[in-house]
Amino acid sequence: MHTARDWKVILAILTCNVVLMSASYTMLIPFLPLYLIKELGVAQANVNMWNGAIFSISFLIGAIMAPIWGKISDKKGRKLMAVRSSIGLSITYFLGGLVTSPEQLFMVRVLQGLAAGLWASELAIVSSSVPSEKLGFSLGVMQAGLTSGGVIGPLLGGVLAEVFGMRASFMIAGIALFTISLITIFFVPEPPHDETARVSAKPSRQIDLLKKPVIKQMLILSVLVQMVILILQPIITLYVAQLRGSMENIILIAGAVFSLGGIASSISAPFWGRFGQKDSFGLTMYLAMGGAGVCLLLQSIPNQLILFAVMQFVTGLFFAGINPSISAVLANNTERAIQGSIFGMLFSAQQLGSMAGPLLGGLVGTYWGLKEVFIVAGAIMIMTSIFVKNTRGSIY
C-alpha cells in the first residue's frame, strides 16, 4: 500500500498531467473554424458543416471505444492505458498540424477518438492509488486541474497562433502530450492491482455493473451534466456580443467571460471534494446541481455584460462539485479490480454528452433564442438535482 507521501506525489503528478492534457485540447478546438478557413481552404459557406463533423466524430469514436479500453486497463494495467492514450493523442496532434484538407483533418479526429481515454485512465489510477478517505478530495483536485487547463488552453492557444501560426500550435500540443507520456512512464507507478482482477474483469462482470441502479443513475447524470456544460459553446460568443452591442474584439472578450466559470471551478473543486467526503457525495451533487441550475436561469436575465460575467463566475463555483462527486460515487460502488471499466463507461457517457450539448445549444439558439439556451440548461440541471434528492437514499 502507498505511504501518505506516495499518494500525494502521485496525485500531484497526475494533476499536472491533466492540466497539460486539458490545455492541449482547449488551445486548439476553439480555433478549429479559423483553421479550416485559413489553413485548409474551406469556404465560409461550408465551414459550419465541416466544423460540426470534425468536432463530433472524435466524441463518437471515443464513446464507442472507452468501455473497451476500460476493460483492457483492468486486465493489462491502468498505467499502460494512460501511456497508450497519451502517445496516441500526441501523434494525432502532430498529424493535425500537417494536414492539407478538411478530409484529412476528419480522419485525424477519427484517430484521436481511437486514442482517447487519458482522462479515464488518470481517474482510474487515482482512485486505485489514494486512501479511500481521501478519494473525494483527490478527485476534486483532479477536476480543478482539468478545469484549470481548460482556462489556460484558449488563452495560450490564441497567443501561440498569433506568434507561431496555427500549425505550430498543433505541434506544441503534441509535444505537451508526449511529455505526459514520459512523465507517466518514469514517475507514475502502476496502482495496486487485485489478484482477482482477471476474473473480475470478465465481460459478464461489466454487464453486472450496469444492472446496479446507482451505476446507471451516475452514467445518465454524467451525460446530462456534460451536455449542459457544452450546450453554451455554440452561442457564448454571440450572446456576449449581443449584450455588448458590438462585435469589436469579441473573441478575446467572450473568451475572458467564458473562462471565469473555469477559474471559479478551479478554486472551489477541492472544497466540494472535502465536503462530499465529510457529508455525502449525494448531498454534494444535489446542492451543486441545484445551485448551477438556478445560476443558469439567472444568467438569462441580465442585459448588462458585467452582471452576466459575475453570474458566469458564480455558476462555475457550483459546477465544480458535480463531476468529482459522480466519479467518487462510481468508485465507491465498484471493486478496485474493475474500476478501469467503470471509468471507461463514465468517459463514454461524457463523450455522448459532449456530442449532444453543442447540437442542442445550436438548435435552441437558432429556433428559440440565445437567452432560452440558458433557460433550457438551467431547467435540466434543476431536474437532475431533484432526481438526486429523491433517489440518493443511503447508497450515495
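**Close-up views of a predicted model**

Helix 4 and helix 6 are roughly antiparallel to each other, because their axes cross at an angle over 145 degrees, the cut-off for that term, whereas angles under 35 degrees count as roughly parallel, 65 to 115 as roughly perpendicular and the rest as oblique. This is a predicted model in which local features need pLDDT of at least 70 and side-chain atom pairs count only at pLDDT 80 or more, while totals for chains, interfaces and linings use all residues. Residues are numbered from 1 along each chain as its sequence is written, and side-chain values use heavy atoms, with hydrogens and water left out.

**View 1. The crossing of helix 4 and helix 6.** The axes of helix 4 (residues 78–96) and helix 6 (residues 118–129) come within 8 Å and cross at roughly 155°, where axes are lines fitted to C-alpha atoms, for helices over the stretch in contact, and angles run from 0 to 180 degrees between N-to-C directions. Helices (H or I, at least four residues) are DSSP runs, numbered from the N terminus, as are strands (E, at least two). The crossing of helix 4 with helix 6 is left-handed, a term used if the near helix is turned anticlockwise from the far one by less than a right angle, with right-handed used if clockwise. On the helix 4 side, Arg 78, Lys 79, Met 81, Ala 82, Ser 85, Ser 86 and Leu 89 meet Leu 118, Ser 121, Ala 124, Ile 125 and Ser 128 of helix 6, and the residues of this contact divide into six nonpolar, four polar and two charged. Here Ala, Val, Leu, Ile, Met, Phe, Trp, Tyr, Cys and Pro count as nonpolar, Asp, Glu, Lys and Arg as charged, and the others, Gly among them, as polar.

**View 2. Ser 128 in helix 6.** Ser 128 has a relative accessible area of 1% and is therefore buried (under 20% relative accessible area, with exposed meaning over 50% and partly exposed in between, for a 1.4 Å probe and protein chains only). The side chain of Ser 128 makes a polar contact with the side chain of Arg 78 at 2.5 Å, and also reaches the backbone oxygen of Ala 124 at 3.0 Å. A polar contact is a pair of N or O atoms within 3.5 Å; within protein, one must be able to donate a hydrogen and the other to accept it, and residues adjacent in sequence count only if both atoms are side-chain atoms. Leaving aside neighbours within four places in sequence, Ser 128 is in contact (heavy atoms within 4.5 Å) with Arg 78, Pro 191, Pro 192, Arg 336 and Gln 339.

**View 3. The crossing of helix 11 and helix 17.** The axes of helix 11 (residues 213–231) and helix 17 (residues 339–367) come within 6 Å and cross at roughly 35°, and this crossing is right-handed. Among the residues making the contact are Leu 219, Val 223 and Met 227 of helix 11 and Leu 346, Ala 349 and Gly 353 of helix 17. The residues of this contact divide into 13 nonpolar, seven polar and no charged.

**View 4. Leu 40 in the loop between helix 2 (32–38) and helix 3 (47–76).** Leu 40 counts as buried, at 7% relative accessibility. Apart from neighbours within four places in sequence, Leu 40 is in contact with Tyr 35, Val 99, Thr 100, Ser 101, Pro 102, Leu 105 and Arg 167.

**View 5. Ile 267 in helix 13 (residues 250–278).** At 57% relative accessibility, Ile 267 counts as exposed. The C-alpha atoms of Ile 267 and Thr 147 are separated by 9.6 Å, although these residues are 120 residues apart along the chain.
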